[in-house]
Amino acid sequence: MALGRRKETMAVDEKVVAFPLSGRTATVRRCASELEDIHGEAAVSYWRTECRSLADSLVKLGCDEDDIREQVMAFQTEVQVEMMRRYSDRLAERAGSERFGP
C-alpha cells in the first residue's frame with residue numbers, strides 16, 4: 001500500500017494593514033484648509049462626509065470597527081493640530097509684519 005501525500009493547509013489569519021489616516025499629510029492639510037473656509041452646518045456636513053469616506057475606504061480594506069474608529073479619531077486630531085498650526089503661523093506672520101511695518 002502506497003502512502004499518499006496529504007496536502008495540509010493551515011489557515012493563516014491575514015490582516016491588511018492600511019496606511020494610517022493620520023499619516024496622510026496631504027489629506028490632513030486639504031481638510032484643514034477646507035474647514036478654515038466653511039463654518040456652521042456646512043462645516044459639519046463636510047467633516048462628516050470626509051470622515052465617512054475615509055472610514056468606508058478602511059472597511060473595503062477589511063479593517064475592523066475598532067481599528068477604523070481609532071484611525072478616524074487620530075485623523076481628526078491631526079486635522080485639528082494642522083488647523084492650530086496654520087492659525088499660529090498666520091498670527092506670527094501678522095505680528096512680524098506689524099513689528100516691521102511700513
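Guide: The chain has three helices and zero strands, where helices (H or I, at least four residues) and strands (E, at least two) are DSSP runs numbered from the N terminus. In sequence order the pattern reads α-α-α. This is a predicted model, in which local features need pLDDT of at least 70 and side-chain atom pairs count only at pLDDT 80 or more, while totals for chains, interfaces and linings use all residues. Residues are numbered from 1 along each chain as its sequence is written, and side-chain values use heavy atoms, with hydrogens and water left out.

The structure holds one aromatic pair. The ring centres of W47 and F75 are 5.9 Å apart and their planes lie at 15°, so the pair counts as stacked. The rule is that rings of Phe, Tyr and Trp (its six-membered ring) pair if their centres lie within 6.5 Å; planes under 30 degrees apart are stacked, over 60 edge-to-face, and the rest tilted. Because W47 belongs to helix α2 (residues 40–60) and F75 to helix α3 (residues 65–99), the pair ties together parts 28 residues apart in sequence. Of the 102 residues in the chain, 23% are buried.

W47 also takes part in the meeting of α1 and α2: T27, R30, C31, E34 and L35 in α1 meet A43, Y46, W47, E50 and L54 in α2. Contact here means heavy atoms within 4.5 Å. The axes of helix α1 (residues 25–37) and α2 come within 10 Å and cross at roughly 165°; axes are lines fitted to C-alpha atoms, for helices over the stretch in contact, with angles from 0 to 180 degrees between N-to-C directions.

E50 is another α2 residue. E50 is buried, at a relative accessible area of 13%. Apart from neighbours within four places in sequence, E50 contacts T27, R30 and C31.

For the chain as a whole, 68% of contacts between residues at least 6 apart in sequence join residues at least 24 apart.

Terms used. Buried means under 20% relative accessible area, exposed over 50%, partly exposed in between (1.4 Å probe, protein chains only).
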